[in-house]
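Have it open while you read.

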Amino acid sequence: MDRRIFQLENDAQRSRLAGWLDQRKGTLMGWEYSEKTRQIFMDAVHGKPGTHLGEVEDPDGIGEHGSIVCGDALRFTFRVDRHPSDPLKDVITEARYMTFGCTSAIAASEALCSIIEEGSYTPVEALKITNEDIVSYLEGLPQQKIHCSVMGAEALHEAVFDWAERRGVDLKDAGFEAPESDEDEGRIVCQCLSLSEPYIRRKVQELNLRTIPEITNAIKAGGACESCHQAPGGLQDILDDIWGPSETEPPSKPEEESESTPETLSPFAFMKKIEQVIDEDIRPRLKADGGDIELVDIKDRIVYCRLLGACAGCPGASTTLKLMVEQTLKNRVHKDVRVIAV
Amino acid sequence: MDKPIYLDNNATTPIAPQVASTMRPYLEHLYFNPSSMYDAAAQVARAMSEARNHVRELIGGVPANEITFTSCATESNNAAIFGAVRALPKKRHIVTTAVEHPAVIEPCRDLARRGWSVDFLPVDRQGRLDSAEFVRALRTDTLLVTVMHGNNETGVIFPIEELARITKETNPEILFHTDATQTVGKIPVDLSEELQNVDMLTFSAHKLHGPKGIGALFARRGTPLRPLLLGGHQERGRRGGTENVAGIVGMGEACRLAGENLGASERVRAQRDRLQAELEERIPWLEVNGAEAERLPNALSVACHCIEGESILAQLDAEGVHASSGSACTSGSLEPSHVLKAMGLPFTALHGSVRFSLSRYTTEAEIERVIEIFPPIVEALRRISPYWDTEKASPRADVLHGQSCLP
């Protein structure tokens, strides 16, 4: 296996990469990523020494966020230097991540681990790290990619709660509310990305999100089919409930078109008769030649069918067959019958 | 680094040098309005007429007055769909598919919101349409059927000949439109023979080594169609606005060259097949989208389980390979490709798609290079992915068993 991609083995490769980075001047894959974001991403995927890919063995805290369905996910683990008597004085010494996601998701994971290791934080201090710290470490993220940093902060918080449980620490004593494990469970608002109402409400308040685009950029909710934007109990309703009603009116619903179907002579009887003639007369004749017929649909006096078997596929033969079927049905069912081969 | 390896030809193609040089005089000294009444202007009009001939020759030698030049395939699709709807205001039913290009899906969605009844037909796991489903959706009072010829993402080709025949046999008044942007110039398209039941067909120049900003709408004589752009008498009143002369001349030359080079598509197909076979051999858990369907010769859409397409593209780009992806992170939306979703691609691979699209300029050495660099990129990202079991070289067991969220 060619391992060249994993490590930059020589100067030529390094300078080639540097040249590429220079030349791109801020754009990557159409997204405006900062120089730092791109550098961190490339270092991470190339496994440069000092990067944080992986999992801590026997970790003291595990936190996870996202899902493969949503398009990005992060598994974050850390180890602490345990204080002999006071767990609150534990210091995080090692942080690692496994990430499924785009350039900025991987860069944000790497940034999270660097921030934590560089700061020698206690887990409780680490709780103060927010998604904005990750964004500023990356020297900015495109609006549409803010959710990548939120994912990092969420996974970190979860890992700290996990540590607290393992170490028997009551975070309330340290001034933090540990969320109930099922706090975010509840009615799903954004079906596409499986995001619940309690979760969306919590993030709207925490991150001071005021509009639907802000919600989507931060936590992805409503970013796919968009049907939850104006639906009853949807994102706009949640925003209105938290911040007071907005002035914009939801778009008016399209008017129901009434469909007028022309009255036809008993379609049911017509269909039964067609089926009967096919079963009794046409199919036995086709089967004798190694063929068969499958009724697909009937509209007005048009009969759609598949002609199968020995003769199917030969254009001349299928035209003849079609005419035979049509003539039989005309004679025995209705003179206006037309047959269309499917 | 060497010249970039361009494998994104379904997005756009490099302009053929001969096309650019044919256009040049019309950007410089032959700037006259073809409608003007002096000989220099008539010379420009003649060049346009010659270009129109090249365009019509490529699609089966249809009459020149059945070709309308537009600004792009998107405009052509809008003109076909809205033009038909406005010409037949009493009919309210449209049949299309779930995998159309946005230039067709969005006009159809717009009509659906405004009260038209629109059927978006599903496709199977290979991206194919079921003709029985098509028949069941069709109504005798259907206004328009619009079904793409070749899919931009997977390259899957729909049986337009058969669908158009069924449509016209059901009721000759139903209009049949096909978006052939990905097929014209890549495979034979003959509106006088096998596609004789097609009323309207759209394509653009920049997908066949022509310039951007110029497209065409074929509309068979007698097709009820209201113009989208009202203005002067240009294009026989079907599309007002002073003609994009350089673009039209470029499109003509591009079509002429495409016709001459149709034979190259077998070489392109062989390169594509080789790329596909080598990647399948070297990369475990790789989906080839539409592998069993009839496909465009130049398109290869793969999906890698457990990793995300944008991070693949970023690394391909660093190696000088230009490709594209249907992953959510490469689009403005957060939703992965509607085409791959409609095909029922497993959720573990839905975000990991990469599309390679070749052209007649693609070389063996370029394919060789992609075969060499792509597998290690996939492996590197899988080592980072929490869903991938590196030791077993497969997705983690709990992911495979349908657990989509991390435990």
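Which residues of β7(B) point one way, and which the other way? Keep that in mind for the first point, and remember throughout that this is a predicted model.

1. Let's start with that strand. M200(B), T202(B) and S204(B) point one way from β7(B), while L201(B) and F203(B) point the other way. Both sets are buried. That covers five of the five residues of β7, which runs over residues 200-204 of chain B, so the strand is largely enclosed by the rest of the structure. The cut-off behind "buried" here is 20 or more other C-beta atoms within 10 Å of a residue's own.

2. Now for the strands it pairs with. β6 (residues 175-179) of chain B pairs with β7(B) in the parallel sense, over three bridges. With β8 (residues 215-219) of chain B, β7(B) pairs in the antiparallel sense, and there the count is five bridges.

3. Zooming out on chain B, you'll see it divided into domain 1 (17-260) and domain 2 (263-400). Taken over C-alpha atoms, the centres of the two domains are 30 Å apart. Where they meet, 19 residues of domain 1 of chain B are in contact with 20 residues of domain 2 of chain B.

4. If you take the contacts in chain A with a separation of 6 or more, 53% are between residues 24 or more positions apart.

5. Two backbone angles in chain A deserve a look. D58(A) is not a glycine, yet its phi is positive, near 40°. This residue lies in the loop between α2 (35-45) and β1 (61-67) of chain A. D58(A) has 7 other C-beta atoms within 10 Å, so it counts as exposed.

6. The other angle belongs to N208(A), again not a glycine, with a positive phi of about 55°. You'll find N208(A) in the loop between α7 (197-206) and α8 (212-219) of chain A. Buried or exposed? N208(A) counts as exposed, because it has 10 C-beta neighbours inside 10 Å and the exposed class takes in residues with 12 or fewer.

Notes
Residues are numbered from 1 along each chain as its sequence is written. Chains are lettered from A and ligands numbered from 1 in the order in which they are written. This is a predicted model: local features need pLDDT of at least 70, side-chain atom pairs count only at pLDDT 80 or more; totals for chains, interfaces and linings use all residues. Helices (H or I, at least four residues) and strands (E, at least two) are DSSP runs, numbered from the N terminus. Domain bounds come from an automatic or database domain assignment. Two residues are in contact if their C-beta atoms, placed from the backbone, lie within 7 Å. Two strands pair if DSSP finds at least two bridges between them.
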